[in-house]
Amino acid sequence: MKARILFLVSILVVGGLLWSGLQAVHPFGEPNSAPMDEYFIANAQSEAAANNVVTSIVFDYRGFDTLGEGAVLFTAVISVAALFRKRGQH
Amino acid sequence: MIEVLHLSILVTIVVSGFLTIWFRNLLSSVISLAVLSLFISLEFFYMQAPDVAIAEAGIGAGLSTAIYIIALRACGRKQFRKEGER
Amino acid sequence: MTGNFPYLVVGILFVMGFIGIIFEKNLVKIAIAVSVVEAATNLFIITLGYRSGGSIPVWTMAGGGSSRMVLPTPQALTLTAIVIGLATTALMLSFAMTIYRHYGSLDVRDVRRLQG
Amino acid sequence: MNPLSVVARTVCNLFAWFLAVFGIYVIVHGHLTPGGGFQGGAVVATFMAFLLVAHGGRKMQSWVRKELFTLMECVGLTIFISAGLLGMSNTFFFNFLAKAGGLFGSTVPLGPNPGALNTSGTIALMNLSVGLEVVGGLSMILLYMFSGVHPEEPFGREETGHDR
């Protein structure tokens, strides 16, 4: 019973923090000033020669993130294969 | 008109999220999660992000549901509940 | 008309997933609640980058020569987060299946046998 | 999972291939239209899940082997890292194929344009390799989790169709 009251208080604290953060957020449809995104939109065609700006960010400007993502996916696959490996298989 | 469509999508997201947590049967909960994923994909498409919409529709509504149903098949479907719980 | 309603939806979804993580006793249900929290986070990041009246950040489909586009960086980051979310979900469910094979139950109160 | 009935299997044999073709289209046209390696790989892996549900695990594992998916994932990750390393004379992940002529080396005009397929340098190559990696990884997760449902038998439980 004491644990449930503690959980309820923690949920109220998290909800209150979210609510107070919602009061100060900028209005929907008007993001904060983003010079980096303006640079990407203006120069993605002349530098990476790709029409899709999102793909040019994923694979060119921020390719290191994608490398880490591939490593995470590889690790997850290896872990699942190690969990369900048969006894006779290699 | 497009505002009404947007509002209905958002209300459906909230309702399906609530049902996902509320259902006691695990299979119903997984199907509600697929519906939530599908409507979040629609919301991404409204927000001019078709890349993310394709990814969410393929992964969230397709593969994730398949993996959950395989896991439920291995573990039994009904949620285990003891006496005196809510 | 909608105003800041999308942010409110994100907050409601996040708190519901948080309640699910804390109060549920079944391991698969906890994994479902984690998926709800992931969905809320993805929706929040995309909502931060939306620009009213902006077009798709793809020059093939932009149309009309409008240079006012939606911010592309949050979309790229969310794209990475979705695939990683699927990988972590598969790993959680694999652990749940292994635990069910060893203990015969999915309840978190029955799995405490290791603690003595 | 037991295989479905004859009607469902016939419809699956006909229409599942459209899903595979759409996934490969999304991978190849990743730098022109919305899409890319992750999305197309997820769609092709959904095709694998479709075949697994319709035909059952025993027949699926007699068609393809898990070593094929392992090979696909390793080859995809290797091509991705080597395409990043080959531009090392400038920086890591430098786009050395763009605007250099050759296969992917055309330039695009500025502003809205219909686009051409042989542009964007290493981005198209990385789309292909990441698509290969995602297809292999997600299909391997599906097959291994399916083989863990009944761990005592080699190909899952002995299955009988609904139509007999």
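**Chain contacts, core and salt bridges in a predicted model**

The contact between chain B and chain C takes 44 residues from chain B and 47 residues from chain C, where contact means heavy atoms within 4.5 Å. This is a predicted model, in which local features need pLDDT of at least 70 and side-chain atom pairs count only at pLDDT 80 or more, while totals for chains, interfaces and linings use all residues. Residues are numbered from 1 along each chain as its sequence is written, chains are lettered from A and ligands numbered from 1 in the order in which they are written, and side-chain values use heavy atoms, with hydrogens and water left out.

**Chain B with chain C**

- Chain B and chain C bury about 4,100 Å² between them, 76% of it on carbon and sulfur atoms; buried area is the accessible area (1.4 Å probe) that two parts lose on being put together, summed over both.
- On the side of chain B that touches chain C, the elements giving two or more residues are helix 1 (2-22), helix 2 (26-46) and helix 3 (50-75) of chain B, helices being DSSP runs (H or I, at least four residues) numbered from the N terminus.
- Helix 3 of chain B gives the most to this side, with 14 residues.
- The residues on the side of chain B that touches chain C divide into 29 nonpolar, seven polar and eight charged, where Ala, Val, Leu, Ile, Met, Phe, Trp, Tyr, Cys and Pro count as nonpolar, Asp, Glu, Lys and Arg as charged, and the others, Gly among them, as polar.
- Across the interface of chain B and chain C the rule finds zero salt bridges, a salt bridge being a side-chain nitrogen of Lys or Arg within 4 Å of a carboxyl oxygen of Asp or Glu.

**Chain D with chain B**

- This contact takes 14 residues from chain D and 12 residues from chain B, and the two chains bury about 1,300 Å² between them, 82% of it on carbon and sulfur atoms.
- Between chain D and chain B the count of salt bridges is zero.

**The largest nonpolar core**

- The largest nonpolar core has 107 residues, and those that touch the most other members are B:Ile13, B:Ile67, C:Leu13, C:Leu93, C:Met97, D:Leu138 and D:Met145; such a core is a set of buried Ala, Val, Leu, Ile, Met, Phe, Trp, Tyr and Cys residues joined through side-chain atoms within 4.5 Å.
- Leaving aside its neighbours within four places in sequence, B:Ile13 is in contact with B:Leu36, B:Phe39, B:Ile40, B:Glu43, C:Val9, C:Leu13 and C:Leu43.

- A:Thr66 lies in helix 4 (residues 63-83) of chain A and counts as buried at 4% relative accessibility, where buried means under 20% relative accessible area, exposed over 50%, and partly exposed in between (1.4 Å probe, protein chains only).
- Apart from its neighbours within four places in sequence, A:Thr66 is in contact with A:Val58, A:Phe59, D:Phe38 and D:Phe80.
- A:Thr75 also lies in helix 4 of chain A, but A:Thr75 is partly exposed, with a relative accessible area of 46%.

**Salt bridges**

- Over all chains the structure holds five salt bridges, one of them joining C:Lys29 and C:Glu24, with the closest N and O atoms 3.8 Å apart.
- C:Lys29 counts as buried at 2% relative accessibility, and C:Glu24 is buried with a relative accessible area of 6%.
- The side chains of C:Arg109 and C:Asp107 meet in a salt bridge (2.9 Å, N to O), in which C:Arg109 counts as partly exposed at 27% relative accessibility, whereas C:Asp107 counts as buried at 3%.
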